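Keep the sequence and the 3D view side by side as you read.

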Amino acid sequence: MYENLFIYFIIFILVTIQSIVGVGILLIGTPILLLLQFNIIEILSILLPISITTSLLNFFFIRLKQNKIKLTIDKDLKKKFIFICVPSIFFGLMILKSFEALINFNYLVSFVIIISIFLASFFKKKIITHKLKIIFLILVGLIHGITNSGGSLLSLLLSSANEKNYSRYNITFFYLFLALFQYIIFLIIFNKYDVFSNNFQIIIPIFAGLFLGNILFKFFDDKFFIILIKFLALLASIFLLIN
């Protein structure tokens, strides 16, 4: 019972963060659940439905508010995402299925997160070119399929230093479909469903996190929460390495 309550609290915090900046549930939740001794397949089956639900509800919420702020989706990136990133997710999950027993996910997830944070700092003031976008999308799909931690690279690709509403809208949209395609392919390959599928109490921390996150978004600079995500992800990575 107490273990479930602790996990619900973690989900509440992760949903709150993702409601503010568009990512968080998979990026931070994966290393946390690895520390709690969940295996990667269990983590995918738990976090993916929660991430999809959170992104979907936030996307509709942002759309309802769109009459005040003109927001658009990058159409060119949308095409590249479908034809490049989705197949990469499939190959990533196939690699996971074939080599799951051989992969040390503590090290791999930590490595991915640390490299992503480094790249975020390196490309912060650089223009991401057409070829670089393709490379990023391939890496996002492969890494996300294998480790569930491609969100940091995706947010880097979609981030905008000028307008936090635009960044949040695009990150929420693409992160929704990243998790959705990943979950569909995951179910086909592994045929393993969410362990919370018969526990409707999971709705409470999800909606509480959605409510709090959308309130905090209005009053706080999202850059603070992006730094918070990097810090929490890095902290979780360090604990994974020394665990």
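Two helices, α5 (105–122) and α10 (222–242), each supply at least two residues of a nonpolar patch in this predicted model. The patch lies on the surface and is made of Y107, I114, F231, L234, L235, I238, F239, L241 and I242. Together these residues have about 830 Å² of accessible area. Helix α10 gives the largest share, seven residues. F239 counts as partly exposed because its relative accessibility is 43%, and partly exposed covers the range between under 20% (buried) and over 50% (exposed).

Now turn to helix α1 (residues 2–21), where you will find S19. Is S19 buried or exposed? Its relative accessible area is 0%, so S19 is buried. What does S19 touch? Beyond its neighbours within four places in sequence, S19 is in contact with T54, N58, R168, G209, L210, G213 and N214. With N58 there is also a polar contact, side chain to side chain, at 3.0 Å.

Finally, look for the aromatic rings. The whole structure holds eleven aromatic pairs. One of them joins F90 and F91 in an edge-to-face arrangement, with 5.6 Å from centre to centre and 70 degrees between the planes. F90 is partly exposed because its relative accessibility is 35%, and F91 is also partly exposed, at 48%.

Notes:
Residues numbered from 1 in each chain as written. Predicted model: local features only at pLDDT ≥ 70, side-chain atom pairs only at ≥ 80, totals over all residues. Heavy atoms only, no water. Patch = residues over 30% accessible without salt bridge, like charges linked within 9 Å, V, L, I, M, F, W, Y side chains within 5 Å. Areas by Shrake-Rupley, 256 points an atom, 1.4 Å probe, with all protein chains shown as cover. Salt bridge = Lys/Arg side-chain N within 4 Å of Asp/Glu carboxyl O. Helix = DSSP H or I, 4+ residues; strand = E, 2+ residues; numbered from the N terminus. Buried < 20%, exposed > 50% of the residue type's maximum accessible area, 1.4 Å probe, protein only. Polar contact = N/O pair within 3.5 Å; in protein donor to acceptor, adjacent residues only side chain to side chain. Contact = heavy atoms within 4.5 Å. Phe/Tyr/Trp six-rings, centres within 6.5 Å; stacked < 30°, edge-to-face > 60°.
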